[in-house]
Amino acid sequence: MKYGKLLCRDETRPRPFRKKARTMTPSRMNVESFNLDHRLVSAPYVRVADRKTLPQGDVITKYDVRFTQPNAGHLEMKAVHSLEHLFAEYSRNHSAAVIDFSPMGCQTGFYLILQGDPDSAEVLELIESSLTDILNATEVPAANEVQCGWGQNHSLEAAQDAARGFLAQRAVWEQVFA
Ligand code: ZN
């Protein structure tokens with residue numbers, strides 16, 4: 001495992017900073033999702049993308065919450081942006097473990113980062129509850145120029161359509177590969 005340490009996964013002695021840049025092309029890349037063959041997945045799904053033990057022993061877990069099939073479909077940017085606001089706000093009503101919910105640049109899904117290593121059933125329930133709240137929302141939280149960097153760039157309707165579509169596939173969220 002020449003490049004095993006690049007993964008930083010559950011290292012006993014974490015090395016947060018590296019002194020020298022590597023000059024060779026690694027067989028595995030630093031970013032977990034760059035090692036995922038996106039042709040093999042079957043969206044929508046939820047999978048663990050990373051789990052890291054911090055120096056003091058705390059664990060954080062990162063989930064890949066994939067809405068659309070990579071390289072076949074994507075969410076419009078207004079839907080992505082509004083889902084980000086809505087989920088970030090509402091998920092915290094259900095769980096104190098939420099650290100972050102951020103869009104993927106490819107617009108096919110989001111990364112959800114949680115404190116600890118919760119049961120997958122709990123995580124799916126958190127996602128389901130948060131998306132159900134989104135269906136009942138009457139506005140996008142913080143969609144204004146005081147609280148957001150592009151307050152005009154939102155669509156509640158598009159976010160709700162995406163949430164509805166994802167919820168409709170609830171039974172297959174755990175099936176990551178085709
Ligand atoms: Zn914003």
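## A tour from sheet to core

Strands, like helices, are DSSP runs numbered from the N terminus (strands: E, at least two residues; helices: H or I, at least four). Two strands count as paired if DSSP finds at least two bridges between them. Before going on, note that this is a predicted model, in which local features need pLDDT of at least 70 and side-chain atom pairs count only at pLDDT 80 or more, while totals for chains, interfaces and linings use all residues. Residues are numbered from 1 along each chain as its sequence is written.

**Stop 1: the β3-β4 hairpin**

Select F101 and look across to β4. L112 stands opposite F101. Five residues lie between the two strands. In that turn, pick Q107, which has a positive phi of about 65 degrees.

**Stop 2: across to β2**

Now show residues 59-66, strand β2, and residues 109-115, strand β4. They pair in the antiparallel sense over seven bridges. Click Y63: L112 of β4 stands opposite. Then click D64, whose bridge partner in β4 is Y111.

**Stop 3: β1 and its hairpin**

Move on to β1, which pairs with β2 in the antiparallel sense over eight bridges. Select K52 and find I60 opposite it in β2. The hairpin of β1 and β2 has five residues between the strands. Among them is G57, with a positive phi near 95 degrees.

**Stop 4**

Show the four strands together. They form an open sheet in the order β1-β2-β4-β3, with antiparallel pairing. Which strands are at the edges? They are β1 (45-53) and β3, each of which pairs on one side only. From one strand to the next, the twist averages 20 degrees. In general, strands of a sheet pair through backbone hydrogen bonds, either parallel or antiparallel.

From the N terminus on, the elements run β-β-α-β-β-α-α.

**Stop 5: helix α1**

Select residues 77-94, helix α1. At 1.5 Å a residue, its 18 residues should span 26 Å, and its end C-alpha atoms are 26 Å apart, so the two agree. The expected span is 1.5 Å times one less than the number of residues.

Next, colour the buried residues of α1: A79, V80, H81, S82, L83, H85, L86, F87, Y90 and S91. Buried means that 20 or more other C-beta atoms, placed from the backbone, lie within 10 Å of a residue's own; 12 or fewer means exposed, and in between is partly exposed. These residues of α1 pack against β3 (98-103), α2 (120-135) and α3 (156-168). Contact here means C-beta atoms, placed from the backbone, within 7 Å.

**Stop 6: where α1 meets α3**

The axes of α1 and α3 come within 8 Å and cross at roughly 80 degrees. That makes α1 roughly perpendicular to α3. Angles of 65 to 115 degrees count as roughly perpendicular, under 35 as roughly parallel, over 145 as roughly antiparallel and the rest as oblique. Axes are lines fitted to C-alpha atoms, for helices over the stretch in contact, and angles run from 0 to 180 degrees between N-to-C directions.

From α1, the contact is made by K78, A79, S82, L83 and L86. From α3, it is made by L156, A158, A159, A162 and A163.

Click A159. Not counting residues up to four places away in sequence, A159 touches A79, S82, L83, L86, I134 and V140.

**Stop 7: the nonpolar core**

Stay in this region and select V46, L83, L86, I134, A159, A162 and A163. Of the 28 residues in the largest nonpolar core, these touch the most other members. Such a core is a set of buried Ala, Val, Leu, Ile, Met, Phe, Trp, Tyr and Cys residues joined through C-beta atoms within 7 Å. The elements giving two or more residues to this core are β1, β2, α1, β4, α2 and α3. Which element gives the most? It is α1, with six residues.

**Stop 8: helix α2 and L124**

Finish on α2. This helix lies across β1, β2 and β4, running at about 120 degrees to β1. Select L124, which is in α2. L124 is partly exposed, with 16 other C-beta atoms within 10 Å. Beyond its neighbours within four places in sequence, L124 is in contact with V46 and W173. Last, pick E174: L124 and E174 are 50 residues apart in sequence but 8.7 Å apart in space, C-alpha to C-alpha.

Methods. Two residues are in contact if their C-beta atoms, placed from the backbone, lie within 7 Å.
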